[in-house]
Amino acid sequence: MTSTGIPSSSRATHGGTPRPGGAGSLAGRTVSRIGYGAMQLERLHADRAAAVALVRRAVENGVDHLDTAQFYGDGFVNEVIREALRPADDVVVVSKVGADPDPGGPLPLRPAQRPEELRASVEDNLRSLGTDRIPVVNLRRLDTGPGLRAEGDQAVDLDDQLAVMTALRDEGKIGAIGLSSVTPDGLRRALTAGIVCVQNAYSVVSRDDEEMLALCSAEGVAWVPYFPLGGAFPAMPKVADEPAVHTVADRLGVTPAQVGLAWLLHHAPNVLLIPGTADAGHLDANLAVGEIALEASSLAALDAVRSRSADVPLG
């Protein structure tokens, strides 16, 4: 058995490939702890074949947890995943709802928090992914973290949102429910609905959510950090700017990004990573993170990094 209680026999994927990062658990399934976040596939919009090839490369190297959304490239990313995946890959596809594309707006997304919008978004995801059931769908709340905030009729009670998500699960259109950009109180309210994962902004330089991580660990909920290396927004701290990270990276002969991801894997056993990239070399570097051993002195130096908030509203 591993430290997470997962049998050692699960160290390889369904296809027999060693799992990058080892084995973790998501929605009752064993998955590789290093997955792939597909958002950046949008950068390959002009080269669909390259986008499909990148997804295939990830899967053939042991990734069996893909994170996506209909609003990534307004359906393009989902369509690439549909083309790239084969039934024998046995991949857990996780999508999310709570926002819609807004190409003409000040930001590329707008909130879509009302129950009827959540249902419509699930239906859109089903169509673009070419499936009748999505294994996990995250309800992206707008309560915390970097990004949009809900106002007016978009400020919807969590119970009303969970009611439609539960109905969609009962209908068989989604397999399980996750939450994103949620507070600890929100998670506590939602646990009775059977939450399987939480996605919040979290990294070695932004650790506001230690309470949430501890709650997830206690409840058997997977912790899937987004912006695991900090954010692209000017006000957000970045892992690559932290001197302690560079010191550890230089000592180990790896990159600061790899150190930031390795710290997350070491920090808690229920962490699942979904680093994203549109570059094959970066993908390979991300998947290699599971082989990085952080000794006690490196972990202590990284744990001592000052945490700065990632709670940066953008609209």
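Predicted model: local features only at pLDDT ≥ 70, side-chain atom pairs only at ≥ 80, totals over all residues.

Visitor: How many helices and strands does the protein have?

Guide: There are 10 helices and 11 strands in the protein.

Visitor: Why is the protein described as being as compact as a globular protein of its length?

Guide: One compares the radius of gyration with the value from the globule rule. Here the radius is 18 Å, close to the 20 Å that the rule gives for 315 residues, so the protein is as compact as a globular protein of that length. The C-alpha trace spans about 50 × 40 × 40 Å along its principal axes.

Visitor: What share of the residues is buried, and what share of the contacts joins residues at least 24 apart?

Guide: Buried residues account for 52% of the 315. Of the contacts between residues at least 6 apart in sequence, 72% join residues at least 24 apart.

Visitor: At what angle do helix 1 and helix 2 pack?

Guide: Helix 1 (residues 48-60) and helix 2 (residues 76-84) pack at about 60°, and their axes lie 9 Å apart. Angles of 65 to 115 degrees would count as roughly perpendicular; the two helices are therefore oblique to each other. The crossing of helix 1 past helix 2 is right-handed.

Visitor: Which residues make the contact?

Guide: Helix 1 contributes R48, A51, V52, V55 and R56, while helix 2 contributes F76, E79, V80, E83 and A84. Six of these contact residues are nonpolar, four are charged and none is polar.

Conventions: Residues numbered from 1 in each chain as written. Heavy atoms only, no water. Axes fitted to C-alpha atoms, helices over the stretch in contact; angles between N-to-C directions. Helix = DSSP H or I, 4+ residues; strand = E, 2+ residues; numbered from the N terminus. Parallel < 35°, antiparallel > 145°, perpendicular 65-115°, else oblique. Left-handed = near helix turned anticlockwise from the far one by under 90°. Contact = heavy atoms within 4.5 Å. Nonpolar A, V, L, I, M, F, W, Y, C, P; charged D, E, K, R; others polar. Rg over C-alpha atoms; globule rule 2.2 N^0.38 Å. Buried < 20%, exposed > 50% of the residue type's maximum accessible area, 1.4 Å probe, protein only.
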